[in-house]
Amino acid sequence: MDEAPTGTRGVDWSLRGCARHGHVTYEPTDDDAAVASLRARTDSGDLWRCLRCGAYVPGPPTTSGPLADAPRVPRGVEIRDAVVIKVLAAERALRALVFVAAAFAVWRYQDHIMGFADFVRDELPALQPGAEQIGWNLDHSWVSTLAERVADLGPSAYVTASGLLVAYAVLLGTESFGLLSGRRWGEYFSVVSTSVFLPTEVLDIAHHVTWFNVGLFLFNLAAVAWLVWTKYLFGVRGGEAAYRQAHHAEAILPAPAEVTEASAG
């Protein structure tokens, strides 16, 4: 029996998938050669080979039908990649929720924000003597700058800010949905939409370095590189045709192009 591809040293993703979701066996009803490659006869009954982990399991096949309808079962690195995709999609979805909440807060509490900014600006002179004792010049601090900018904003600026935050949340939500859908357009959309904002993240780091903005930049850069390399996007490593050929080659029962997708686990 062929060993199931692990993809990561010490981790058999195919076995993990079967442990979580059970084995996937299939009996082609129109191809005796395919049946012979999947079935093993024993004195105690027939064994059917799992299309995911490659193990022969007792009992009747999970499903049966024409060979063309055989399930396309991800194995090994494909399952690992699906896990990474889910992590990326979850991160995008979480960020989308944060930006929706921020948009609502800016729109709903704009009067409070403006009032607080006015209060901070008016009270800074009274706080300056105390701040000087610790060497902090409030008149030239980020607190003063932020208060001035917020206090000078008009109602239309808050509406615009809310709209931009919602638009970015929709972009992140679309990216999350596209990744979870498993479609090529979703992977391309994620790479393009993430890459567009990388220059602004670089400018943000150049202006002010923090662990957060550096970490966010490295995370997004790694996500783009990983998607392009593992999914063969933009013609890398031979493009989509090479991607499909590589994964079909790993399949225990290579299926036609138009087949159903089984769960990646």
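What share of the contacts between residues at least 6 apart in sequence join residues at least 24 apart? In this protein the share is 66%, where contact means heavy atoms within 4.5 Å.

Some housekeeping before the first stop. You are looking at a predicted model, with local features requiring pLDDT of at least 70 and side-chain atom pairs counted only at pLDDT 80 or more, while totals for chains, interfaces and linings use all residues. Residue numbers run from 1 along each chain as its sequence is written, and side-chain values use heavy atoms, with hydrogens and water left out.

**The whole chain**

Start in cartoon view. The protein has 10 helices and 7 strands; these are DSSP runs numbered from the N terminus, with helices being H or I of at least four residues and strands being E of at least two. Areas here come from the Shrake-Rupley method with a 1.4 Å probe, and for residues only the protein chains shown count as cover. Of the 265 residues, 37% count as buried. Buried means under 20% relative accessible area, exposed means over 50%, and partly exposed is in between (1.4 Å probe, protein chains only).

**The cores**

Select Val-24, Tyr-26, Ala-34, Val-35, Leu-38, Trp-48, Leu-51, Ala-70, Val-73, Ile-252 and Leu-253: these 11 residues form the largest nonpolar core. Helix H2 (residues 32-38) gives the most to this core, 3 residues. Another core, of 10 residues, lies apart from it and includes Leu-179, Val-224, Leu-227 and Val-228. The rule for a nonpolar core: buried Ala, Val, Leu, Ile, Met, Phe, Trp, Tyr and Cys residues joined through side-chain atoms within 4.5 Å. In soluble globular proteins, nonpolar side chains tend to be buried together.

Next, select Phe-104, Trp-107, Tyr-109 and Val-159, which make a nonpolar surface patch of about 440 Å². Patches take residues with over 30% relative accessible area and no salt bridge, joining like charges within 9 Å and nonpolar side chains (Val, Leu, Ile, Met, Phe, Trp, Tyr) within 5 Å. Phe-104 sits in helix H3 (residues 77-108), and it counts as partly exposed because its relative accessibility is 46%.

The term covers a side-chain nitrogen of Lys or Arg within 4 Å of a carboxyl oxygen of Asp or Glu.

Two more pairs to click on:

- Arg-80 and Asp-81 join side chain to side chain at 2.9 Å, N to O; Asp-81 is buried at 3% relative accessibility, whereas Arg-80 is partly exposed at 21%.
- Asp-46 and Arg-41 have their closest N and O atoms 3.3 Å apart; Arg-41 counts as exposed at 60%, while Asp-46 is partly exposed at 28%.

The count of salt bridges comes to 9.

Which residues does Thr-230 contact, leaving aside its neighbours within four places in sequence? They are Asp-81, Arg-237 and Tyr-243. Thr-230 belongs to helix H9 (residues 211-230) and is buried, at 10% relative accessible area. Its side chain also reaches the backbone oxygen of Trp-226 at 2.7 Å.

Follow the chain into the loop between H9 and helix H10 (239-250), where you will find Phe-234. Arg-237 is in the loop between H9 and H10 as well. Check the backbone torsions: phi is near 55 degrees at Phe-234 and about 60 degrees at Arg-237. Most residues other than glycine have a negative phi.

Last stop: Tyr-188, in helix H7 (residues 184-196). Tyr-188 touches Leu-233 and Phe-234, not counting residues up to four places away in sequence. Tyr-188 and Phe-234 are 46 residues apart in sequence and 8.4 Å apart in space, C-alpha to C-alpha.

Key: Polar contact = N/O pair within 3.5 Å; in protein donor to acceptor, adjacent residues only side chain to side chain.
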